[in-house]
Amino acid sequence: MSSVLFDAPGPRARRRIQITTVVAVIAGAALLWLALRQFAENGQLDADRWAPFGTWPIWRYLAKGLGETALAAVAAIAISIAAGVLLALGRLSPSRWIRLPSTAYVEVVRTIPALLLVYVVLFALPRYGLDLPLFWKLVVPLAVSNAAAFAEVFRAGIRSLERGQLEAGLSLGLTRGRAMRMIVLPQAARRVLPSLISQSVGLVKDTSLGFVVSYAELLYSGKVLANYNGLLIQTYLVIALIYLVINAVLSKLARVLEERDVRSAG
Amino acid sequence: MEILIEHLGDFGDGLLLTVELAALALVGALVIGVLVAALRVSPVPVLRAAGTAYVQILQNVPLLVWLVLAVFALPDIGVLADLFTTSAVVLALYQGAYMAEAVRSGINAVPVGQGEAARALGLTFSQSLLNVVLPQALRTVVQPLGTLAIMTIMNTAMAAAVGVVELTATANRVNLAEAQPIWIFVSAGLLYMALSVVVGLVTGATERKAAILR
Amino acid sequence: MARTLLAIAVIAALSLTACGGPSTSPSADALVAAAPVAASIVPGTTMEKIRKRGYLIVGGSLDAPLLSQQNPVTEQIEGLDADFGRLLATYILGKPAVEVRSAASETREALLANGTVDVILQTYSITPKRATQVAFAGPYYNSGLVIATRKDQTGIGEPEDLNGKTVIAGANTPAIPAIEKAAPGAKILTFGSAPECLQALRQGRGEAYVQDEAVLLDSVRRTPTIVIQGKPFTSDPYGIGIKHGDAQFKQFVNEWLRTIQASGLWAKTWKNSIGTVVAGDAPPPPAIGSAPGSE
């Protein structure tokens with residue numbers, strides 16, 4: 001669509017584009033300069049406030065936090081994908097006793113904030129004698145909440161397949177379960193791979209709730225670091241940058257896969 | 001149960017703040033989303049790049065990091081607003097990136113012929129976008145907008161982590177005072193569900209009205 | 001599963017303290033070097049269980065400057081609570097082998113009850129109410145809440161002056177009920193950590209900030225525009241949390257506290273943390289069993 005809204009630019013249009021470009025670049029630079037000046041006036045650009053972030057021990061510490069982020073994310077992704085597949089199959093099951101609970105789970109959990117679930121695991125469960133280790137206090141609520149999201153992704157993938165795929169499997173004499181497992185799911189998973197990755201990026205971001213749980217992932221490590229050196233702004237800016245780079249790479253991966261899929265399908 | 005009745009006022013205040021946050025953030029996000037989506041389909045490469053950069057930067061950093069940065073870093077560059085305003089603006093900017101993606105996919109879903117027809121009538125880029133493409137695009141994205149609205153409601157909970165006493169923070173505070181977690185958290189969960197059900201109903205009704213039969 | 005620990009801080013004898021206190025303060029190593037070791041350990045006790053395991057598990061914090069703050073460079077945990085943890089480990093094991101598990105304020109009772117941690121050393125104020133669920137050794141330090149303001153703030157000296165003001169406090173800290181009691185007309189604004197509270201006070205989000213004196217001392221030292229107004233207006237005797245009903249272990253820890261108080265090691269430990277920001281000699285240590293709830 002975007003390509004038909006304007007023609008290949010002629011001489012006048014090219015001139016206009018050039019002018020807009022210059023104006024936009026100047027406006028952007030002016031904004032950036034204003035922000036930097038404000039930072040500088042408040043002493044936030046002083047070299048000694050940034051120097052710690054040029055040292056190896058600080059990066060080693062943040063890298064460790066990043067490692068814990070990855071660990072928590074991988075665990076939560078693995079659990080919620082497994083649960084998501086089961087829930088998606090459950091929602092499509094011919095049996096009402098499986099379909100209804102699966103549907104209820106997905107519809108209820110989809111509307112509950114992850115932070116509320118974190119508070120439940122953090123403050124409510126220990127009162128009833130269930131005090132999970134710190135790692136699981138972060139991973140369990142994330143997995144519970146993301147399982148519903150993954151279930152919807154898989155369900156969309158399964159439903160996007162032609163019915164004939166399942167029917168062909170059944171007519172070959174496969175049971176419904178085997179036809180699902182051997183024919184439908186592999187194709188559906190391939191189709192929803194980009195959505196799986198973007199949902200996973202969301203989950204990586206959700207691990208920042210370790211900040212609340214005091215699990216030493218990246219953001220909590222930043223908190224401890226900021227507490228130690230008092231450089232709140234610098235520390236959190238660096239943390240934001242790390243998240244940006246990592247998630248941008250993952251998102252890029254999703255887009256590459258999507259394009260490859262579109263090409264191979266076309 | 002008495003705990004809930006005793007703290008009815010607290011829950012009411014928390015719920016109100018959650019609704020206000022979500023409503024402000026959604027309206028803001030819609031404006032930002034349309035603007036950024038327009039940038040991303042514009043003929044000027046720099047503007048397209050700026051739109052893409054906005055979406056990438058906002059979407060790839062956790063909301064909690066943005067909130068912490070805005071609440072504590074912005075005052076040091078000369079912007080000091082109260083916690084509620086700061087959280088609402090951050091939420092609007094964050095959801096705006098997602099809204100931009102939804103609107104752009106809506107623009108891409110409008111049949112190419114519509115754009116070609118607009119251009120053939122001699123409309124300029126902005127005229128065809130504003131008068132022909134966007135109105136149709138927004139109609140096709142009612143469902144995604146509903147999903148985004150629910151996501152926004154859920155994300156308002158993050159404001160609890162920077163000191164805004166909305167629904168989630170209220171639940172936590174009441175629980176700390178009364179130590180009756182089950183009732184308190186279940187009620188908070190039910191209130192969130194109720195909000196989402198309302199959004200779902202509104203979305204459904206709007207979609208039926210806005211649907212374009214082709 | 002090994003990753004379920006928040007932080008493992010097995011302190012080797014070689015590790016150094018890179019903490020930025022005055023050079024006159026003895027380092028954490030020197031404290032450990034001077035630490036007493038228990039003469040004998042009765043079989044079948046919690047102490048023996050810890051000795052068999054080879055390290056002491058402490059429920060504590062990583063982000064409480066001067067008390068229990070992780071140094072990101074050395075990854076050693078520094079401060080008063082951390083030093084006492086190492087000294088207690090040395091008393092039981094003969095070496096300062098400590099594993100710190102992060103404890104949220106609301107889950108400390110549960111952590112002790114189900115045996116996840118041996119002791120809690122985390123600004124754990126002794127109260128009769130808590131004493132129904134946990135046993136307290138100590139008190140090992142007396143602190144209290146103080147009020148901090150910006151330098152240019154006038155009219156705040158006493159807790160009553162907080163009425164009608166916006167007061168900043170750490171989320172889930174004892175400051176919140178204390179403010180509600182002393183100044184019911186105050187509007188309370190909470191943040192998750194001490195630097196966030198301090199930043200908020202500096203930026204004018206509130207007129208005052210109420211926090212434990214030991215925590216605030218460090219903040220004030222680093223922020224020249226903030227001052228402490230008046231004296232502590234509450235008394236918070238910190239205790240060492242122990243599993244409810246474990247009288248033997250409590251008695252053992254109290255004996256250790258008496259030993260280090262008598263030998264002067266308690267004062268040296270104070271000098272190494274709080275003493276780096278407070279001039280003068282260490283205060284007299286609190287009498288063991290003096291706080292209601294620690295009898």
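## Helices α3 and α4 of chain A

In this predicted model, α3(A) passes α4(A) in a left-handed crossing. A crossing is left-handed if the near helix is turned anticlockwise from the far one by less than a right angle, and right-handed if clockwise. Helices (H or I, at least four residues) and strands (E, at least two) are DSSP runs, numbered from the N terminus. Helix α3 of chain A covers residues 56-91 and helix α4 of chain A covers residues 96-109. The two pack at an angle of about 125°, and their axes are 7 Å apart. That angle makes α3(A) oblique to α4(A). Axes are lines fitted to C-alpha atoms, for helices over the stretch in contact, with angles running from 0 to 180 degrees between N-to-C directions. Angles under 35 degrees count as roughly parallel, over 145 as roughly antiparallel, 65 to 115 as roughly perpendicular, and the rest as oblique.

On the α3(A) side, the contact (heavy atoms within 4.5 Å) involves Leu87(A), Gly90(A) and Arg91(A). They meet Ile98(A), Arg99(A), Ser102(A), Thr103(A), Tyr105(A), Val106(A) and Glu107(A) of α4(A). By class, the contact of α3(A) with α4(A) has four nonpolar, three polar and three charged residues. Here Ala, Val, Leu, Ile, Met, Phe, Trp, Tyr, Cys and Pro count as nonpolar, Asp, Glu, Lys and Arg as charged, and the others, Gly among them, as polar.

## Numbering and model

Residues are numbered from 1 along each chain as its sequence is written, while chains are lettered from A and ligands numbered from 1 in the order in which they are written. Because the model is predicted, local features need pLDDT of at least 70 and side-chain atom pairs count only at pLDDT 80 or more, whereas totals for chains, interfaces and linings use all residues; side-chain values use heavy atoms, with hydrogens and water left out.

## Chain B and its helices

Chain B has ten helices and zero strands. Its C-alpha atoms fill a box of roughly 70 × 45 × 20 Å, taken along the principal axes.

Within chain B, the axes of helix α4 (residues 63-73) and α5(B) come within 10 Å and cross at roughly 140°. α4(B) and α5(B) are therefore oblique to each other, and α4(B) passes α5(B) in a right-handed crossing. From α4(B), the contact takes Leu63(B), Trp66(B), Leu67(B), Ala70(B) and Val71(B). From α5(B), it takes Leu83(B), Thr86(B), Ser87(B), Val90(B), Leu91(B) and Tyr94(B). These residues divide into nine nonpolar, two polar and no charged.

Helix α5 of chain B covers residues 83-109. Glu101(B) and Arg104(B) are three residues apart in this helix, so about one helical turn separates them. They form a salt bridge, with the closest N and O atoms 3.7 Å apart. A salt bridge is a side-chain nitrogen of Lys or Arg within 4 Å of a carboxyl oxygen of Asp or Glu.

## Contacts between chains

Where chain B meets chain A, 56 residues of chain B are in contact with 47 residues of chain A. The area buried between them is about 4,400 Å², of which carbon and sulfur atoms give 76%. Buried area is the accessible area (1.4 Å probe) that two parts lose on being put together, summed over both. Asn60(B), Asp76(B) and Ile77(B) supply 13% of the area that chain B buries against chain A, more than any other three residues. Between chain B and chain A there are zero salt bridges.

The contact of chain A with chain C takes 31 residues from chain A and 28 residues from chain C. Here the buried area is about 2,600 Å², with carbon and sulfur atoms giving 56%. One salt bridge is counted between chain A and chain C. The side chains of Lys64(A) and Glu75(C) meet in a salt bridge at 2.7 Å, N to O. Over all chains, the structure holds 15 salt bridges.

## Features of chains C and A

Helix α2 (residues 46-53) and helix α8 (residues 247-263) of chain C pack at an angle of about 75°, with their axes 8 Å apart. They are therefore roughly perpendicular to each other. Thr46(C), Met47(C) and Ile50(C) of α2(C) meet Gln248(C), Phe249(C) and Phe252(C) of α8(C).

A cis peptide bond with omega of about 5° joins Gly138(C) and Pro139(C). Pro139(C) lies in strand β7 (residues 134-143) of chain C. In chain A, Ser214(A) has a positive phi of about 60° although it is not a glycine. Ser214(A) is placed in the loop between α10 (210-213) and α11 (218-229) of chain A.
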